Amino acid sequence: MKYRAQCFFLLAAALFSSAAATAAGRVPSNEETRNKTVQCEVTSVHDGDSMRARCPGMKDTVRIRIHQIDAPEIGQAYGKTSRDTLRRLCVRGRTAAFSIVGKDDYGRLLAGVECRQKDVATTMLESGAAWVYRQYQHDKMLVQMEQRAREAKRGLWQNPNAQAPWEYRRDRR
């Protein structure tokens with residue numbers, strides 16, 4: 001696991017920072033890799049808040065988790081519709097811009113994502129395909145977008161008893 005963490009930071013350094021590591025081989029800090037943007041090809045969309053992408057100079061794909069939102073799980077009500085919404089926005093084989101902010105507990109890169117010149121988090125919230133992940137949310141405007149979708153009963157908000165994904169996951173432990 002320690003080796004895997006070191007590989008992640010070396011990978012992030014190579015991808016997202018031109019001067020990330022010194023000649024001495026120093027592992028870059030989170031600040032050095034944070035807010036770096038890279039253009040990558042979308043290879044798959046797993047659900048409404050995660051995908052894989054192939055980035056320049058890399059043999060393997062990278063797992064990406066969209067920062068600040070949480071979408072229904074595939075087995076949850078509206079889960080497949082949420083995934084399909086993201087698939088229409090971030091089309092396989094097309095380029096997306098990833099603004100890396102860190103990594104999550106599962107080793108996925110956390111990123112703001114832009115597909116087809118649209119911010120993915122705001123688009124998913126406005127369409128009612130995701131919740132604001134308040135535990136990790138930094139942009140207060142996202143809460144307003146979710147509220148507008150809720151009031152307009154768009155997407156998952158058509159169901160007055162829609163269950164948040166974090167509650168769904170907790171209930172299945």
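Residues are numbered from 1 along each chain as its sequence is written. Since this is a predicted model, local features need pLDDT of at least 70 and side-chain atom pairs count only at pLDDT 80 or more, while totals for chains, interfaces and linings use all residues; side-chain values rest on heavy atoms, with hydrogens and water left out.

Start with the rings. A pair of aromatic rings is described by the distance of the centres and the angle of the planes. Four aromatic pairs turn up in the structure, a pair being rings of Phe, Tyr and Trp (its six-membered ring) with centres within 6.5 Å, stacked if the planes are under 30 degrees apart, edge-to-face if over 60 and tilted for the rest. One of them joins W131 and W157: the centres sit 5.1 Å apart with the planes at 70°, so this one is edge-to-face. W131 belongs to strand 8 (residues 131-132) and W157 to the loop between helix 5 (141-151) and helix 6 (165-171), so the pair ties together parts 26 residues apart in sequence. Helices (H or I, at least four residues) and strands (E, at least two) are DSSP runs, numbered from the N terminus. W131 is buried at 5% relative accessible area, and W157 is buried at 8%; buried means under 20%, exposed over 50% and partly exposed in between (1.4 Å probe, protein chains only).

Y133 and W166, in turn, have ring centres 5.6 Å apart and planes at 5°, so they are stacked. Y133 comes from the loop between strand 8 and helix 5 and W166 from helix 6, so parts 33 residues apart in sequence are tied together. Y133 is buried at 14%, whereas W166 is partly exposed at 28%. Along with Y136, the residues W131, Y133, W157 and W166 make up one aromatic cluster.

On to the cores, meaning sets of buried Ala, Val, Leu, Ile, Met, Phe, Trp, Tyr and Cys residues joined through side-chain atoms within 4.5 Å. The largest has 32 residues, and M51, C90, F98, V113 and V120 touch the most other members. Elements giving it two or more residues include strand 1 (36-47), helix 3 (79-89) and strand 5 (95-103). Beyond its neighbours within four places in sequence, F98 is in contact (heavy atoms within 4.5 Å) with residues including V38, M51, I64 and V113. A second, separate core of five residues includes W131, A149, W157 and A164.

Finally, G102 lies in strand 5 and is buried at 18% relative accessibility. Its C-alpha is 9.2 Å from that of H67, 35 residues away in sequence.
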